[in-house]
Amino acid sequence: MSRLPFDRRTAERRAKEEKAQRDKVARERRESERRKGAGRRDLDTLLDITRRLMTVTDLDALLRLIAEATVTMVGAERATIYIVDQEKQEYWSRVAIGQGVGEIRFPLGVGIAGTVAKTGETISIPDAYADPRFSPENDRRTGFRTRNLLTLAMTGHDGAVIGVFQAINKAAGEFTIEDEVTLGSLASSAAVAVENAQLVNAQKRLWLSLIETLATTVDARDQQTAGHSKRVTRYAAVIGAEMGLGPADLDRLQAAALLHDYGKIAVRDRFLQKPGKLDDAEFAYMKAHAEKTAEFLSYLDFPPDMRDVPVIAAQHHERMDGKGYPKGLSGDAILMGARIVAAADVFDALTAPRYYKPAYALDKTLEIMDGMTGAHLDPAVMAAVHRALPTLERTIDELRSTWPKAGDEGMGSIAEAASGGLSERDRPAATPA
């Protein structure tokens with residue numbers, strides 16, 4: 001009996017099995033290569049995001065970038081990044097991708113994000129409305145529908161939870177263990193960036209408190225100009241923003257505005273607080289405060305992005321026609337920041353009461369300032385003042401409580417000031433040449 005048909009069938013079966021095995025190996029190899037490729041892409045994406053995170057020191061901008069990266073890396077519809085405030089035992093966020101709700105603040109332990117913030121555990125919820133820990137209140141308020149969410153902690157260098165990642169609505173299916181690993185890797189990089197940003201912000205707050213204290217010491221010496229530096233700073237910020245200055249330029253502008261009169265710390269009380277006119281010698285002495293401002297501020301080690309602050313502060317009495325002081329600069333030789341501070345300085349001198357005058361109305365203030373435009377004030381700055389009038393008017397109302405009062409030391413009555421005429425200290429800054 002021949003065995004050939006049986007051998008043929010056996011050989012054919014073996015050939016099919018071998019082909020199936022080869023196909024399986026090929027599929028596994030392709031899947032492995034795909035995963036390796038995806039892994040490399042994920043790693044490249046993470047490295048790129050990490051490089052970007054390390055260049056951002058503004059906390060709000062950093063949180064936006066982290067939220068955008070979260071959405072991209074795990075395929076979510078939106079993401080929210082919360083920061084933990086251990087001192088207040090709260091967690092908060094001003095960032096939401098999608099239909100956000102502005103700043104959100106809750107006590108630690110409240111809600112899913114609050115639980116993660118308090119415990120450091122990772123919580124993945126495949127069906128939000130089926131989980132008793134989920135609160136639909138935010139969905140009701142915003143109209144957003146949460147299907148699933150992944151929430152995990154961001155820990156600092158000391159192991160404490162400093163933030164929380166929350167990815168919402170996986171675009172395809174549910175969040176996976178791979179998504180947890182991906183966000184965990186992102187969280188490690190983000191934690192370093194957030195701690196750096198918080199350190200920079202703390203240093204900035206210290207810096208601002210220092211210059212605010214310096215400005216307050218000057219204003220405190222003369223009751224009739226109490227709050228002047230604060231008001232000039234607010235007005236300068238409004239004008240600068242209207243002129244399109246960016247955040248860094250606005251920071252420099254406000255620092256210079258706060259310190260613009262710091263040289264007056266060297267002016268003796270009998271000149272600084274003298275009502276009425278100053279004689280020529282007294283006025284020359286008073287004008288020296290601009291040079292003193294530059295001198296005193298030169299002793300401070302300003303950060304690189306603030307190196308122009310002393311110059312801006314010292315130039316605020318320069319005029320467009322070159323007849324100002326201390327150096328007689330004109331036109332574009334005067335820094336733009338100084339031209340803005342000059343206008344803000346005049347604006348406050350006119351809109352706030354002084355011992356020789358009441359608070360002028362806006363129409364009279366603008367009439368006087370328009371008369372100074374060209375020779376004294378920069379026309380471009382004054383155009384911005386006119387455009388920003390609604391905001392300036394609201395700011396005046398907000399700052400009215402900082403005005404000197406009639407009964408304050410050095411604040412005589414308007415009738416008493418009439419015989420003395422306009423103060424020479426304000427004449428160059430409050431009247432046409």
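Which strands do the buried residues of helix 3 pack against?

## Basis of the model

The model is predicted; local features need pLDDT of at least 70, side-chain atom pairs count only at pLDDT 80 or more, and totals for chains, interfaces and linings use all residues. Residues are numbered from 1 along each chain as its sequence is written, and side-chain values use heavy atoms, with hydrogens and water left out.

## Helix 3 and its strands

The buried residues of helix 3 pack against strand 1 (76–85), strand 2 (90–93), strand 4, strand 5 and strand 6. Helix 3 covers residues 111–119, and its buried residues are Ile112, Ala113, Gly114, Val116 and Ala117. Buried means under 20% relative accessible area, exposed over 50%, and partly exposed in between, with a 1.4 Å probe and protein chains only. Helices (H or I, at least four residues) and strands (E, at least two) are DSSP runs, numbered from the N terminus. Just after helix 3, Gly120 has a positive phi of about 80 degrees.

## Strand 5 and its partners

Strand 5 (residues 149–155) is largely enclosed by the rest of the structure, because six of its seven residues are buried. Strand 5 pairs with strand 4 (residues 123–125) in the antiparallel sense over three bridges; two strands pair if DSSP finds at least two bridges between them. In this pairing, Ile123 is opposite Thr151 of strand 5.

Strand 5 also runs antiparallel to strand 6 (residues 161–170), joined to it by seven bridges. Here Leu149 stands opposite Ile168 of strand 6. The hairpin of strand 5 and strand 6 has five residues between the strands, and Gly159 takes a positive phi near 90 degrees in this hairpin.

## Nonpolar cores

The largest nonpolar core has 51 residues, and Met369 and Leu377 have the most contacts inside it. Such a core is a set of buried Ala, Val, Leu, Ile, Met, Phe, Trp, Tyr and Cys residues joined through side-chain atoms within 4.5 Å. Elements that give two or more residues to this core include helix 5 (177–219), helix 13 (362–372) and helix 14 (379–387). Helix 12 gives the most, with nine residues.

Not counting residues up to four places away in sequence, Leu377 touches Met320, Ala342, Ala343, Val346, Met369, Met372 and Met382; contact means heavy atoms within 4.5 Å. A second, separate core of 30 residues includes Leu62, Leu65, Ile66 and Ala190.

## The loop at Leu300

Leu300 is in the loop between helix 10 (289–297) and helix 11. Its relative accessibility is 27%, so Leu300 counts as partly exposed. Leu300 and Pro310, ten residues apart in sequence, are 9.2 Å apart in space, C-alpha to C-alpha.
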